Amino acid sequence: MYKLLVTAILIIFTSCFAWGDTIKLKNGDNLSGKIKLVDSNKVLIETEYAGIITINSDKVATFSINEPVKIKNGLFSASQYADTIVSAGESEIKLVKGNDSKIIPINNDLTIIKNTSSSLTPNDLIINGDLNAGAYYNKGSSKSEQYNLNGNITAKHDLWRHGLRAALFRSKDDEQTSNYYYTAQYEVDRFFTPSFFWQGNVQYKHDWIEDIKTKTSFGMGPGWQVWEDELSALSLTGLVSYQRIDYRDGNDSTHPLGSVKWNYYQFFAGKSLKFFTVGEIGRSFNNDVDLDLSATAGLAYWLTDWLSVNTSLTRSKSTTHDGDSSNTNYNIGVGVNW
């Protein structure tokens with residue numbers, strides 16, 4: 001009996017502190033967990049027993065959040081900030097900041113976002129990523145095929161963020177291979193403030209078709225996390241790299257390269273739709289490379305909390321004094337996310 005009582009107390013204690021946000025529904029039910037986001041007339045709560053649950057805001061009577069949040073009541077309205085949110089009356093919540101409090105309604109325009117970049121503790125380890133596959137086939141007067149596979153993994157721990165990306169593209173026109181290459185990239189960021197970080201970067205590309213056979217670079221430089229929250233993020237990085245290019249005719253060149261990288265995403269419709277773009281553009285300091293570009297933009301729609309359908313456009317182009325490389329790829333496929 002004593003052991004059962006202790007176990008029950010520990011379960012209650014853990015639930016209260018690890019899953020401290022609550023939602024009271026208009027039908028009288030209550031949910032406990034971590035509210036991830038309020039947006040597009042939806043409330044997303046992560047529960048210990050059922051993962052992430054999406055609830056329509058018009059079914060919610062009130063809720064509480066035990067973390068600092070940013071609140072907007074319309075796309076073009078000014079942002080408000082609160083230390084916590086506590087339950088209030090029907091279809092209302094109370095914002096608490098210091099000794100001040102304010103009651104606001106729960107409506108279709110309400111957006112509440114948690115800051116994900118500043119909430120990490122030294123013991124946190126957050127790993128997420130995706131793996132996407134796509135194929136295209138068309139047969140008429142000519143036959144076209146395209147296959148691609150790409151994925152990325154991001155790991156955050158304390159003041160460090162690691163990223164690994166890789167992609168493989170192949171396309172054929174009337175049995176003639178027109179595009180065939182793969183890329184791989186590893187980057188590590190060390191944060192000195194919630195916004196400023198220093199990045200080290202390694203990239204490799206191998207192409208079986210274009211004049212540029214392989215391209216390898218090692219670089220580093222400062223970066224700025226413009227913002228990062230549950231709904232969107234933008235980071236910019238400036239790199240100075242040492243790049244080596246091997247050409248299909250057997251020649252090679254090495255040069256210093258300056259570039260700017262970007263990484264941006266934005267969720268819509270209660271995190272069911274995501275727009276993203278990531279890329280890098282640069283040129284060499286000694287004018288051997290006039291343009292070095294790699295960019296991807298796309299949309300992903302979540303069918304479940306782990307499965308998505310997506311479409312994207314990837315463009316890469318290198319213009320050098322000894323040879324060029326140019327690839328454009330369209331992707332329609334499915335993805336697994338974690």
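This passage walks through the predicted model of a single chain, from its overall make-up to a few individual residues.

The C-alpha atoms fill a box of roughly 75 × 50 × 50 Å, taken along the principal axes. In secondary structure, the chain has one helix and 23 strands. The exposed surface comes to about 18,300 Å², and carbon and sulfur atoms supply 60% of that area. Charged side chains are present in both kinds: 32 are positive and 37 are negative, and the centres of the two sets lie 3 Å apart. Contacts can also be sorted by how far apart the partners sit in sequence.

The next topic is the interior. In soluble globular proteins, nonpolar side chains tend to be buried together. In this model, the largest nonpolar core has 21 residues, and I23, F63, I93 and I112 are those with the most contacts inside it. Seven strands each supply at least two residues of this core: β1 (21–25), β2 (30–39), β3 (42–47), β5 (60–64), β6 (69–73), β9 (92–97) and β11 (110–113). The largest share, three residues, comes from β2. Not counting residues up to four places away in sequence, I93 touches T62, F63, I85, V86, A88, K102, I103, I104, I106, L110 and I112. Two of the names in that list, F63 and I112, were met above among the residues with the most contacts inside the core. A second, separate core has eight residues, including I113, Y265, A300 and W302.

Strand β12 (residues 125–139) pairs with strand β13 (residues 143–157) in the antiparallel sense, over 15 bridges. These two strands form a hairpin with three residues between them. Within this pairing, A135 has Y147 of β13 as its bridge partner. Strand β13 is also joined to strand β14 (residues 160–173), again antiparallel, by 14 bridges. Here H157 stands opposite W160 in β14. β13 and β14 form a hairpin too, with two residues between them, and D158 in the turn has a positive phi of about 55°.

Is H255 buried or exposed? With a relative accessible area of 2%, H255 is buried, because the cut-off for that label is under 20%. Leaving out residues up to four places away in sequence, H255 touches S241, Y242, Q243, I245, S284, N286, D288 and V289. One of these, S284, is 29 residues from H255 in sequence, yet the two are 6.5 Å apart in space, C-alpha to C-alpha.

The other residue is F191, found in strand β15 (residues 176–191). F191 has a relative accessibility of 12% and so counts as buried. Beyond its neighbours within four places in sequence, F191 is in contact with L159, R161, F196, F197 and Q225. K102, by contrast, is 89 residues from F191 along the chain, and their C-alpha atoms are separated by 35 Å. This K102 is also one of the residues that I93 touches.

Technical notes. Residues numbered from 1 in each chain as written. Predicted model: local features only at pLDDT ≥ 70, side-chain atom pairs only at ≥ 80, totals over all residues. Heavy atoms only, no water. Core = buried A, V, L, I, M, F, W, Y, C linked by side-chain atoms within 4.5 Å. Buried < 20%, exposed > 50% of the residue type's maximum accessible area, 1.4 Å probe, protein only. Helix = DSSP H or I, 4+ residues; strand = E, 2+ residues; numbered from the N terminus. Contact = heavy atoms within 4.5 Å. Pairing = 2+ DSSP bridges. Areas by Shrake-Rupley, 256 points an atom, 1.4 Å probe, with all protein chains shown as cover. Lys, Arg positive; Asp, Glu negative; His and termini not counted. Charge placed at Lys NZ, Arg CZ, Asp CG, Glu CD.
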